[in-house]
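Have a look at the sequence and the structure first.

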Amino acid sequence: MASDRELINFSEDHELDHILKRYGKAASKENREELKKLGKELKTRNGSTRTPLKHPEFYAFLENEKGWKKA
């Protein structure tokens, strides 16, 4: 089982803000909602909305499939 540190908690604004900062995006409510939507999309595609996502998995999704670039 992955440690808590390796997993993304989409209900914690500070975790979402960290991801937004990584990609040079503003820590706004709208951007956090977009991340939540994208997280749900990836979880659904993986077959379970209950399975937590790991940071590297979500970063790869953002970069390779959504065209996000690291700041």
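Axes are lines fitted to C-alpha atoms, for helices over the stretch in contact, and angles run from 0 to 180 degrees between N-to-C directions. Helices (H or I, at least four residues) are DSSP runs, numbered from the N terminus. The model is a predicted one, in which local features need pLDDT of at least 70, side-chain atom pairs count only at pLDDT 80 or more, and totals for chains, interfaces and linings use all residues. Residues are numbered from 1 along each chain as its sequence is written, and side-chain values use heavy atoms, with hydrogens and water left out.

**Helices H1 and H3**

- Helix H1 (residues 13-22) packs against helix H3 (residues 55-65) at an angle of about 45 degrees, and their axes are 12 Å apart.
- H1 and H3 are therefore oblique to each other (under 35 degrees counts as roughly parallel, over 145 as roughly antiparallel, 65 to 115 as roughly perpendicular and the rest as oblique).
- From H1, Glu15, His18, Ile19 and Arg22 meet His55, Phe58, Tyr59, Leu62 and Glu63 of H3 (contact means heavy atoms within 4.5 Å).

**Helices H2 and H3**

- H2 and H3 pack at an angle of about 100 degrees, with 11 Å between their axes.
- H2 and H3 are therefore roughly perpendicular to each other.
- On the H2 side, Leu35, Leu38, Gly39, Glu41, Leu42 and Arg45 meet Glu57, Phe58, Phe61, Leu62 and Glu65 in H3.

**Aromatic rings**

- Across the whole structure, a search finds four aromatic pairs (rings of Phe, Tyr and Trp, using its six-membered ring, pair if their centres lie within 6.5 Å; planes under 30 degrees apart count as stacked, over 60 as edge-to-face and the rest as tilted).
- In one of them, the rings of phenylalanine 10 and phenylalanine 58 have centres 5.4 Å apart and planes at 90 degrees, so the pair is edge-to-face.
- This pair links distant parts of the chain, 48 residues apart: phenylalanine 10 lies in the segment before H1 and phenylalanine 58 in helix H3.
- Both phenylalanine 10 and phenylalanine 58 are buried (buried means under 20% relative accessible area, exposed over 50%, partly exposed in between, with a 1.4 Å probe and protein chains only).
- The rings of tyrosine 23 and tyrosine 59 have centres 6.1 Å apart and planes at 65 degrees, so that pair is edge-to-face.
- Tyrosine 23 is buried, with a relative accessible area of 5%, and tyrosine 59 is buried, with 9%.
- Phe10, Phe58 and Phe61 form one aromatic cluster.

Technical notes
Helix = DSSP H or I, 4+ residues; strand = E, 2+ residues; numbered from the N terminus.
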